[in-house]
Amino acid sequence: ALVRDGARTRGATVVVVAPAGPDLANHALLTVEAARAAGLAVAAVVVAGPGAGEQRELLGARGGADVVELPDPQAPSTAVAGWPLGRWAASEPVSAGAGPGDVALAPYASWEPHPVIDPRSAGRGVVDPVLLEIVAAEGPILARRAYGLYNRAAGGRKLTSIARAPLSGAAYRLRMDGRIELVKAADSPEDDDLLHLAGQPPVRVRELGPRALDDVPVAEIAELMRRLRAAGAEGDLRRAVLDRYGLVRLTTKAEEYLGRALALAAAE
């Protein structure tokens, strides 16, 4: 339970490592089932040791994840080099299929705040790595949320244009260094820049977490709407999104924001 809860807190993707043996399939499938029941994405099952035999086929058929073998756990480098780690990292939770409109959401991994230097006086050597921490934890993330998290950790209250400028500069440097992707608002359905790690999918459908509704990228809500529709959700998709996020009130502001997502979902 502690490992599972820690994985949910971090929004982790799970790779199950199971020793080869007569109980391989039973133990591995139980672990996969428990992880998915907690809303975690299970990307693969790694069989440690020789002799997987027919149980590998059973795992592949019933586990719904990649199955790879690690014949010699003491010398893993050759085997690991061929694993599709990038694709595994982008895995999404699998819906339990409990009924119409049932869509699994990935856990939202929050950045853990710690004291930082005021961005107006900190040098790039200080600002850049902290902003990268935030994007790594919460990306894809709207720039205003990422900069706001940094600003609050530095003791600021309102994200002024003066405080935003060095943070925006840090984002551009990280992009130039190939560490993050920065999608300009003009090139996306957002009303703000979108930041995510290089190689990370630009859209991940996650729980609401600590975000306000308008902190969720429009493209993320639109993808959730498409999945809800595909899962048989009936009625107003805006209301279905609120229900899935555990929200109640469809305020005027929420209606406008969700309307933008609905238009994007319909267009695509």
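Student: Against which elements do the buried residues of α3 pack?

Tutor: Contact means heavy atoms within 4.5 Å. Here the buried residues of α3 pack against α2, β2 and β3 (66-70). Please note that this is a predicted model, in which local features need pLDDT of at least 70 and side-chain atom pairs count only at pLDDT 80 or more, while totals for chains, interfaces and linings use all residues. Residues are numbered from 1 along each chain as its sequence is written, and side-chain values use heavy atoms, with hydrogens and water left out.

Student: Which residues of helix α3 are buried, and which are exposed?

Tutor: Buried means under 20% relative accessible area, exposed over 50%, and partly exposed in between (1.4 Å probe, protein chains only). Helices (H or I, at least four residues) and strands (E, at least two) are DSSP runs, numbered from the N terminus. In α3 (residues 54-63), Gln55, Leu59 and Gly63 are buried. They lie on the same side of α3 because they cover an arc of only 45° around the axis, the arc being that of the directions from the helix axis to the C-beta atoms. Glu54, Glu57 and Ala61, on the other side of α3, are exposed. Just after α3, Gly64 has a positive phi of about 65°.

Student: In which sense do β1 and strand β2 pair?

Tutor: Two strands pair if DSSP finds at least two bridges between them. β1 and β2 (residues 41-48) pair in the parallel sense over seven bridges, with Pro19 opposite Ala48 in β2.

Student: How many aromatic pairs does the structure hold?

Tutor: Rings of Phe, Tyr and Trp (its six-membered ring) pair if their centres lie within 6.5 Å; planes under 30 degrees apart count as stacked, over 60 as edge-to-face and the rest as tilted. The structure holds one aromatic pair. Trp83 and Trp88 form this tilted pair, at 5.7 Å centre to centre and 35° between the planes. Trp83 is buried, with a relative accessible area of 18%, and Trp88 is buried at 5%.
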